[in-house]
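Dear colleague,

Please find below the structure that I am handing over to you. My notes on what was found in it follow directly after.

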Amino acid sequence: MPTAWETFPIEVRGGLVTNISPLQQGIASPGSARRLSNFEPSIEGGYKRVMGYTKYDTTTVPAYGTPVVQGSGQTGSTLIIADIFETPLVGDTLTIAGVTGTYTVAVVSFNSTSKNATLTFSTSMASSPADKAVITFTNNANLIEGLVLFNQNAIVSRGSNLWSSDGTGWIKVNTPSYGTVLVNGGSQTGTSLVVDGLTGTPQQGDTFTIAGVQKVYAIVSSVTVTSGGATLTISPTLASSPADNAAITFRSSGCPNSTKMRFERYDFTGTSSLVGVDGANLPFKYSGSTFSTISSAPADVLGADHVSQFKNHLFFANGTNLTFTAPYSDTDFSAANGAGTINLSHIVTGMIVFREQLIIFSTNQIHRLIGNTISDFQLQPISSDIGCIRTDTIQEVGGDIAFLGPDGVRLLSATDKIGDFGFAIASRPIQSEVESLVSSNTSFSSCVIRSKNQYRLFGYAANKTNETAGGVLATQFADQTADGMAWAELSGILSYVADSIYSTAGTTETILFANRDGYVYRLESGNSFDGRAISAEYFTPHIPVSDPRIRKTFYKLTTFVNPEGSVSGVVSPQLNFGQIGIIQPAQIALENTADSPFFYGAATYGTATYGGKLTYSFTSQLVGSGFTVSLQYSFQSITPPFSLDAITIEYLNNDRQ
């Protein structure tokens, strides 16, 4: 029997694996993980604790657009407000410009036709507000329903309105422009208004004001424009008769009843543009300065759920219909000019352009569209029994398409054979975790972190909080193979919508997400979850070290790390699978500040000194003996990211039992 200590080295790699037996995992993959939360398998080696997130903009996205008081002279505890497209919630709080105090909504009555709401407060107003006085809701409870990065700004949908921010405040996007619109003729009364000067077609639901006339008005029926003139049917009734040539100012073109908004960036004319769909309304387009509804869209496009740009056409998916515009146009749906419609047999759940073809997903089928124009477009099947069961999970990562199928996250990969594809189940190593994620959430979002070859999938449900939110991430180490994906779990990131993009220079990657608290957050930013400590765990498999039937006495543990700053955590050795009756070793602290280094941004001038060094390895005494050992690392702190690189265990073999 040897009497000298031996060293067992563990290369930390392989990611989370939960689909094999504990002993098999400990023998075959001692550097893999049976628990890996908020650590990412890193392309630089080891497991790196994830970076944090910070607020993209320190102000919240307005909850209900730009509502204002609907008419002067209102008193007491009841107030009518206008230019609002969603029903405020009981319990919402708000302020009224020019009126002292904050008011809590006790009762709500919403008029979807007039785009106004009657609010009853728990207390009376301190004074009578002016007509069109600004209403500011001060709480946040409704979802941010859409998020996209466009022209280096975040564009979001909330409260049936669109907003843009460069990080320094939110600017309303959905203000339509129809030219210099004027009242055509004086002495008009009632619920119709004749106007002229139109260069576009106002839409049902648009809101506007009239110079010299109180209140905000909504268009309640479709509009026909002839030679720049139209008769608008409006609500409410005109408060007074406007003067001839009184200016019409359009305020909002809302997108009510949407559940999630999806976007596509495109450039047909040399100007970057954005198109959006929300499953309920006509699509819109935005150039960065001009917003307009695509009113020329046919009935098949009304309520489209998905949009994609392919071969200089815009493709809109609505149910089983796939409608596309004429080439190089975002508004031309004329078949004579090259537009058309393709009928599918199943409801579309997502689209993505992949290697000169448009991949079209439904719940149990996948098709591809090849060709360039209506004359040679061909719809070809890829799979007749596999599809994407959850929208917003489709992403291209490392040259493959990741999506959530009925049996987990799959990779759609091109093969060497032309027109052939692979469908490997990439998430097989964490099948139970993915099934739990799917069953416990009602909506999903996803993004890629290109600089890390990483795919992230987030779950969302109304009952989830930041603390209970979950997700998974996968780092791809080899293209076009499911075996090249290493997995981990995510916790503490509540995401309903997400997007990521490189800057125009291709040097900076921005990853954003949002939920229901009104803020947009930037991932890969900071050392905390917006001020909350990041909880990260890595549990090794139950490692037999040598022979699983020989008892070992463990003497020393060395953990090698690659720190970027301070590291603070603990490791808890667990012997013999944690069986009851086994005396377990004591918890061991891991602190790398023994040499008293100081960090930029945290040091105090005059007291900090240069020259301190970080500790790159932690050596601790182990006390205990057993057949197997698992090392359970836990970290919960606000510190810079660090990597766990390797582990060594020094031990002595004892008797066979």
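The lining of the largest cavity divides by class into four nonpolar and five polar residues, with no charged residue among them. Please bear in mind throughout that this is a predicted model. The residues concerned are Leu-344, Ser-345, His-346, Val-348, Ile-360, Phe-361, Ser-362, Gln-365 and His-367. Strand S31, residues 358–362, gives the largest share of this lining, namely three residues. The volume of the largest cavity is about 60 Å³, and a search of the whole structure finds one cavity of 30 Å³ or more.

One of the lining residues, Ser-362, lies in strand S31. Is Ser-362 buried or exposed? Ser-362 counts as buried because its relative accessibility is 6%, and buried means under 20%. Setting aside residues up to four places away in sequence, Ser-362 touches His-346, Ile-347, Val-348, Thr-349, Gly-387 and Cys-388. Of these contacts, His-346 and Val-348 also belong to the lining of the largest cavity.

I turn next to the pockets. The largest pocket has a volume of about 960 Å³. Its lining comprises 34 residues, and those nearest the centre are Phe-263, Glu-264, Ile-394, Gln-395 and Asp-499. Which strands each supply at least two residues of this lining? They are S12, strand S22 (262–266), strand S26 (306–310), strand S30 (348–353), strand S34 (395–397), strand S38 (443–449) and strand S42 (497–502). By class, the lining of the largest pocket holds 15 nonpolar, eleven polar and eight charged residues.

The second largest pocket has a volume of about 550 Å³. It is lined by 30 residues, and Gln-203, Gln-204, Gly-205, Gly-254 and Asn-281 are the closest to its centre. Two or more residues of this lining come from strand S23 (273–277) and likewise from strand S25 (291–293). The lining of the second largest pocket has 15 nonpolar, twelve polar and three charged residues.

Strand S12, named above for the largest pocket, also takes part in a sheet. This is an open sheet of four strands in the order S12-S13-S14-S15, and the pairing is antiparallel. Its edge strands, each pairing on one side only, are S12 (144–150) and S15 (171–172). Within the sheet, strand S13 (residues 153–158) runs antiparallel to strand S14 (residues 161–165), and five bridges join them. Ile-155 has Ser-164 in S14 as its bridge partner. In general, the strands of a sheet pair through backbone hydrogen bonds, either parallel or antiparallel.

Beyond its neighbours within four places in sequence, Ser-427 is in contact with Gly-408, Val-409, Val-434 and Trp-487.

Finally, some values for the chain as a whole. The chain contains two helices and 51 strands. Its C-alpha trace spans about 110 × 65 × 45 Å along the principal axes. Of its 657 residues, 53% count as buried. Among contacts between residues at least 6 apart in sequence, 62% join residues at least 24 apart. The accessible surface of the chain is about 26,400 Å², and 49% of this belongs to carbon and sulfur atoms.

With kind regards

How values were computed: Residues numbered from 1 in each chain as written. Predicted model: local features only at pLDDT ≥ 70, side-chain atom pairs only at ≥ 80, totals over all residues. Heavy atoms only, no water. Contact = heavy atoms within 4.5 Å. Pairing = 2+ DSSP bridges. 1 Å grid on protein atoms, 1.4 Å probe; cavity = no way out; pocket = protein on both sides within 12 Å on 5 of 7 lines; lining within 4 Å. Points joined across faces, edges and corners; volume = space filled by probe spheres on them. Nonpolar A, V, L, I, M, F, W, Y, C, P; charged D, E, K, R; others polar. Buried < 20%, exposed > 50% of the residue type's maximum accessible area, 1.4 Å probe, protein only. Areas by Shrake-Rupley, 256 points an atom, 1.4 Å probe, with all protein chains shown as cover.
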